[in-house]
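Please keep the sequence and the 3D view at hand while reading.

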Amino acid sequence: MKKLTPTEIQKKIIEKEGNIVVTASAGTGKTFTLVQKIDYETQRYKGFKTIAAITFTIKAAKEIKDRLNNIDTSEFFIGTNNSFEIDEVIRPFIRDVYGD
């Protein structure tokens with residue numbers, strides 16, 4: 001299988017500092033770009049939770065995880081908008097709101 005190389009625009013996204021939002025039509029390389037961005041960031045930051053890849057579908061989240069098969073993603077959040085709200089916002093603070 002041919003190894004893909006990022007385009008100039010994709011390289012700018014991958015190397016951009018801070019948070020990013022990537023939007024584009026189907027088949028334009030969003031998942032490839034996000035996977036490359038995650039790989040790039042994991043080389044720079046180690047030891048704490050720094051990555052949140054939020055998608056609209058479970059299928060897209062699974063594809064990102066599958067493509068990152070050589071990277072330990074246990075410290076990242078990779079999932080849908082809904083699962084991000086539940087796992088990262090609601091669950092951590094539910095006891096603060098309702099108690100035990």
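K37 has a relative accessible area of 7% and is therefore buried; buried means under 20% relative accessible area, exposed means over 50%, and partly exposed lies in between, with a 1.4 Å probe and protein chains only. The model is a predicted one, in which local features need pLDDT of at least 70 and side-chain atom pairs count only at pLDDT 80 or more, while totals for chains, interfaces and linings use all residues. Residues are numbered from 1 along each chain as its sequence is written, and side-chain values use heavy atoms, with hydrogens and water left out.

The side chain of K37 meets that of E41 in a salt bridge, with 2.7 Å from N to O. A salt bridge is a side-chain nitrogen of Lys or Arg within 4 Å of a carboxyl oxygen of Asp or Glu. Both K37 and E41 belong to helix α2, where they are 4 residues apart, about one turn of the helix. Helices (H or I, at least four residues) and strands (E, at least two) are DSSP runs, numbered from the N terminus. E41 is likewise a buried residue, because its relative accessible area is 10%. When its neighbours within four places in sequence are left aside, E41 is in contact with I14, K16 and I51; contact means heavy atoms within 4.5 Å.

R44 has a relative accessible area of 33%, so R44 is partly exposed. E17 also counts as partly exposed, because its relative accessibility is 49%.

Another salt bridge joins K11 and E8, whose closest N and O atoms are 3.4 Å apart. These two residues both lie in helix α1, 3 residues apart, about one turn of the helix. K11 counts as partly exposed because its relative accessibility is 33%, whereas E8 has 55% and is therefore exposed. Over the whole structure, a search finds 7 salt bridges.

The two helices can now be considered together. Helix α1 (residues 8-15) and helix α2 (residues 30-44) pack at an angle of about 40°, and their axes are 8 Å apart. Axes are lines fitted to C-alpha atoms, for helices over the stretch in contact, and angles run from 0 to 180 degrees between N-to-C directions. The helices α1 and α2 are therefore oblique to each other: angles under 35 degrees count as roughly parallel, over 145 as roughly antiparallel, 65 to 115 as roughly perpendicular and the rest as oblique. On the side of α1, the contact is made by Q10, I13, I14 and E15, and on the side of α2 by F32, T33, Q36, K37, Y40 and E41.

T80 is in strand β2 (residues 77-80), and T80 is buried because its relative accessible area is 12%. Apart from neighbours within four places in sequence, T80 is in contact with I54, T55, F56, T57 and I58.
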